[in-house]
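Subject: Structure for you to look through

Hello,

Here is the structure I promised you. Please open it first, then read my notes beside it.

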Amino acid sequence: TFTPPLVAFLIAGAPANGSITDGAELAVMRCTGLAAVFINLSVENFAGWKFALTFSIIQKSYFAGFVVYVLINLALVFSSVYIITQFAPAAAGSGIPEIKGYLNGVDIHGILLFRTLIGKIFGSIGSVGGGLALGKEGPLVHTGACIASLLGQGGSTKYHLSSRWLQVFKSDRDRRDLVTCGCAAGVAAAFRAPVGGVLFALEEVTSWWRSQLMWRVFFTSAIVAVVVRTAMGWCKSGKCGHFGSGGFIIWDVSDGQEDYSFEELLPMAVIGVIGGLLGALFNQLTLYITYWRRNYLHKNGNRVKIIEACLISVITSVISFGLPLLRKCSQCPDMDPDSGIECPRPPGMYGNYVNFFCSKDKEYNDLATIFFNTQDDAIRNLFSAKTVHEFSAQTLLTFLVMFYTLAVVTFGTAVPAGQFVPGIMIGSTYGRLVGMFVVNFYKKLNIEEGTYALLGAASFLGGSMRMTVSLCVIMVEITNNLKLLPLIMLVLLISKAVGDAFNEGLYEEQARLRGIPLLESRPKYQMRNMTAKEACGNQKVVSLPRVAKVADIVSILRSNKHNGFPVIDHTRNGETLVIGLMLRSHLLVLLQSKVDFQHSPLPCDPTGVSRSIRHNFSEFVKPASSKGISIEDVHLTSDDLEMYIDLAPFLNPSPYIVPEDMSLTKVYNLFRQLGLRHIFVVPRASRVIGLVTRKDLLIEDGEDSGSVELQSTSVRGRHHDRRMYTRNADVERPLLNGLLAPDRATG
């Protein structure tokens, strides 16, 4: 029923009981943290067991080890692609473009379903554990968003996993805020970077930001980091296998280069330029390949998707195992006994200085050290300090070309795929190449190749994803080296500027390819010379009368896909009056329920009190992760089609309205900043009934609004004609006013 507290809750856009919101956020934190721990634990253990088994077998036979390695990877990748194609198609890819579109105001079917969450978790374990050139960090953002959405709507009704405790989140704004918290929690759990998670949500995914949301997201990320760290502390005793062995800081380089000189800024700037060029090229190549996949290859069915992923898995396994076999082993350098690094590693061990197909005792295979290794260990090797000349230029160049190609080809397959870790691996490779040149050129003892590898990783991510602030903080948090902050900022600024000269960021390009109508932060330059009327074009507006015939409503809903319709009425002198906006979803609810059908074409009695108890409020709440009702789901008899519906109690009486000659740039900013789906364009108003100033909005708490004196700067028409408002008094207080007031984008 439509009780006053519930309407007040929806108008305010927040629960009346703040503890409910805090409880939902705590649930999001715990669930996201546990999901991240489970994914990390599974991936690192699958990868660790795979390499441990392979290394133990190759001590006897390299061919047998190769076969086992290929089959394990193939089995893991097959499990991932099978789950995605047969169970959760929306879980493919990173999910960040779709979540960004959702928070931008566009609903995409399937991205927040419970089965998408399950597919994302187990699909990520298979694809990353199977050795593909992709990461788990992007899917973790999608995982956090799914958890937040499911908790926000009380669970999954399809799988009978629901709770009434969280079903108060009926406001679209509350749900999107909770999903924003989920995205930040995903980043915080993936990188163990809570501040980076907050800034990622602010910079990359959300479209409108409030100070109240800031502390919620910060609180969520902080608790997630505590949950992950607690789990890792529990795993230190070896209870979790390979998980947690690297510590809370994923790639700690705090013992690296202490200082840098002025002449090093030039090669660091070169790293930024290289990152911008390679990042822009990566975006363009993945755009072309993904377009070909979506429009040609993947249209042949799920079998083709499975075969494609398995084929890429075999190719990746052959390259990662076969190329190190072709590489000659290198002589171990003289190691510092206090460094804790052993060269070569004992047989069956992986990490730095891997002994792979080496004939002598004091030799190691530098290509196997980064290629035939887990992703985290490979990056840790590239970032490592005090390991000058561990890698040759030929090895780094070979790995760069092959892994870059594999990352481009793998991106877009039907498996959960993130690009953070592949981007770090690509960037750290050419960064270390530049570092080798700097060490040989300047002949200084304090220059570390690992420092340049870190800068290279930041430059490629900046050149591809075009993030700056959040990426800078994430890189500092995952490496634990605040001294490199100015250098990371430098390469990020350069790489982003270079990349922007060629194309848009990776997520924006992929969103455009998927047909997601994202509104970017700033409008196009051409909009400055256009008006709102010109943007509308010559398309005729489809409107509804206040009292509409059921047959006419059905005909309109079948003939177009519009999400909302203007509702018009006529004054006593015959003048047309727009009285509000009616949503398509609410029309479908009214048609399906039939309880508001009437025989008379006249408006209903506005003083009637029985109408408010005909509907349950939850009927009109738009599902967050399903299509909802369609016109095909509504079954009406011939007698029903001859009935009428008075739309006044169910419409939004105060939609956003702009004059026809308003600049399209202003209209764009309204859409972007308020998260709208509709704006009415009307002729220039003939008169002004008042002027609201800043002082009119400064009402003290506890002050009776009826006794507030109007400021002298306000222009009010105190004796305007009240007949029109009397005529439509019932329109001003519709039953769904609380639900419709924000008019958020719900497309």
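Helices (H or I, at least four residues) and strands (E, at least two) are DSSP runs, numbered from the N terminus. On that basis the chain has 26 helices and 11 strands.

Two cautions come next. This is a predicted model, so local features need pLDDT of at least 70 and side-chain atom pairs count only at pLDDT 80 or more, while totals for chains, interfaces and linings use all residues. Residues are numbered from 1 along each chain as its sequence is written, and side-chain values use heavy atoms, with hydrogens and water left out.

**The whole chain**

Buried means under 20% relative accessible area, exposed means over 50%, and partly exposed is in between (1.4 Å probe, protein chains only). Of the 747 residues in the chain, 53% are buried. Contact means heavy atoms within 4.5 Å. Take the contacts between residues at least 6 apart in sequence: 78% of them join residues at least 24 apart.

**Two helix pairs**

Two packed helices are described by the angle between their axes and the distance between the axes. Axes are lines fitted to C-alpha atoms, for helices over the stretch in contact, and angles run from 0 to 180 degrees between N-to-C directions.

Start with helix α13 (residues 375-383) and helix α15 (residues 420-442). Their axes are 10 Å apart, at an angle of about 25°. Angles under 35 degrees count as roughly parallel, over 145 as roughly antiparallel, 65 to 115 as roughly perpendicular and the rest as oblique. So α13 and α15 are roughly parallel to each other. A crossing is left-handed if the near helix is turned anticlockwise from the far one by less than a right angle, and right-handed if clockwise. The crossing of α13 and α15 is left-handed. On the α13 side, the contact includes Ala 378, Ile 379 and Leu 382. On the α15 side, it includes Val 421, Ile 424 and Met 425. For classes, Ala, Val, Leu, Ile, Met, Phe, Trp, Tyr, Cys and Pro count as nonpolar, Asp, Glu, Lys and Arg as charged, and the others, Gly among them, as polar. The α13 and α15 contact has 7 nonpolar, 4 polar and 1 charged residues.

Now helix α7 (residues 172-191) and helix α9 (residues 211-234). Their axes come within 8 Å and cross at roughly 35°. This crossing of α7 and α9 is right-handed. Residues of α7 in the contact include Ala 184, Ala 185, Ala 188 and Ala 189. From α9, Val 217, Val 224 and Val 228 are among them. The α7 and α9 contact divides into 9 nonpolar, 3 polar and 2 charged residues.

**Cysteines**

A disulfide is a covalent bond between the sulfur atoms of two cysteines. The rule used here is a pair of cysteine sulfur atoms within 2.5 Å. How many disulfides does this rule give? The count is 1 disulfide. The bond joins Cys 329 to Cys 358, with S to S at 2.0 Å. The link is left-handed, with -90° about the S-S bond. Cys 329 sits in the loop between α11 (302-326) and β3 (330-331), and Cys 358 in the loop between β3 and β4 (363-364), so the pair ties together parts that are 29 residues apart in sequence. Cys 329 is buried at 19%. Cys 358 is buried too, at 16%.

Cys 146 is buried, at 0% relative accessibility.

**Two positive phi values**

Most residues other than glycine have a negative phi, and most peptide bonds are trans. Arg 466 is not a glycine, yet has a positive phi of about 65°. Arg 466 lies in the loop between α16 (449-465) and α17 (469-479). Arg 466 is buried, at 7%. Lys 594 also has a positive phi, near 65°. Lys 594 is in the loop between α22 (584-593) and α23 (638-641). Lys 594 is partly exposed, at 30%.

Finally, find Ala 417, in the loop between α14 (393-410) and α15. Is Ala 417 buried or exposed? Ala 417 is buried, at 3% relative accessibility. Its C-alpha atom is 9.0 Å from that of Gly 123, 294 residues away along the chain. Leaving out residues up to four places away in sequence, Ala 417 touches Gly 93, Ser 94, Leu 134, Gly 135 and Pro 139.

Best wishes
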